[in-house]
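Biologist: I've got this model open on my screen. Could you take me through one part of it up close, starting with the charges and ending at the aromatic rings?

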Amino acid sequence: MLAATRRRIEGTREDFAEALRALTDAVASTIPHGRVYAIERSPRIVLGSLVSGVGIAEAADGVVVVRGSERLGRLWP
Amino acid sequence: MDPIDPDAIACGPATPAVRALLQLAAATRWFEPSAPVEPSWLEAHLAAVRAHVPDAFAARVEVTHEGGGWDALEALAARVRGSRGFDWKFGVLKPMVREHSRARGWTPLAHARAFQAAEPAPADLFVPLNEHAFWRPLGPRVDFRHAGSAREAAGWYHGFAHVDLTDAIEWQLAEGAESLEGNPFWPLLRGYAAGQYPFVLDAARAVVLRFEPRLTGSS
């Protein structure tokens, strides 16, 4: 799903709203009635997969991919 | 994430039903010895699905009940995940829920706007953001480390059961109904709560695993 999201943001300016649009679009077009969950909402919103626990969040240096408190990398290619 | 408080749920006429679904989920203990439940709960689920998707299953689905532990869970999960073609969750249930919500004009964002305050509250089902509203997890993440080699299969099964709970609540919200009668996911969740785990192998065959950890082999 991250790969599909990254394909959709290629060439765009790094922005959380853009990431959100790309992620929801990737999920909707890949999974029948797929859902993006707000895995966390405090202290920051993390949006992603409940099954894998992997999500995206807004950070000081851009949009990052996280699993729990672990930072897995940046979303933008 | 802070858990959703079933007692504080307020979502119009569906409130008591949604509360009952969340309470049942909260009381469900995963992969513990099975308990008695009405014997035809899976058939009730299949019949409720058929009412909306008449050709979802064969005219008669052969349901086999078997007792087993982690080994059996792992084997059945591998069997379902390895099969191609019929897909109970992605091919039948999810399209059914999507169509049901669409026909009733229900969306998470419309729900959040109608029933949630601007400030986050423990009973919120959704987190609104921009022009979207995202589901909150309806229960805690469960660690199945004690399942040994079946840990991954247990997490996989539990993840899809959580999707069933989400679908159950979405169905009820879209119906706007007080009663759970006719909600295709209600019998299914009652089966899970009793430690009985269905695997629909294809349109004509299903296996219900009555979970008995003592029947596990070497793990």
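Modeller: Let's start with charge: chain B carries 21 positive and 26 negative side chains, with the centres of the two sets 4 Å apart. Lys and Arg count as positive and Asp and Glu as negative, leaving out His and the chain ends; each charge is placed at NZ of Lys, CZ of Arg, CG of Asp or CD of Glu. Keep in mind that this is a predicted model, where local features need pLDDT of at least 70, side-chain atom pairs need 80 or more, and totals for chains, interfaces and linings use all residues. Residues are numbered from 1 along each chain as written, chains are lettered from A and ligands numbered from 1 in the order written, and side-chain values use heavy atoms, without hydrogens or water.

Now the rings. The whole structure has 22 aromatic pairs over all chains, counting Phe, Tyr and Trp rings (the six-membered one for Trp) with centres within 6.5 Å; planes under 30 degrees apart are stacked, over 60 edge-to-face, the rest tilted. One of them joins B:Trp156 and B:Tyr157, edge-to-face at 6.2 Å centre to centre with 70° between the planes. Both partners are buried (under 20% relative accessible area; over 50% is exposed, in between partly exposed; 1.4 Å probe, protein chains only): B:Trp156 has 17% and B:Tyr157 has 5%. These two also belong to one aromatic cluster, whose members include B:Trp30, B:Phe90, B:Phe160 and B:Tyr197. Over chain B, 48% of the 219 residues are buried.
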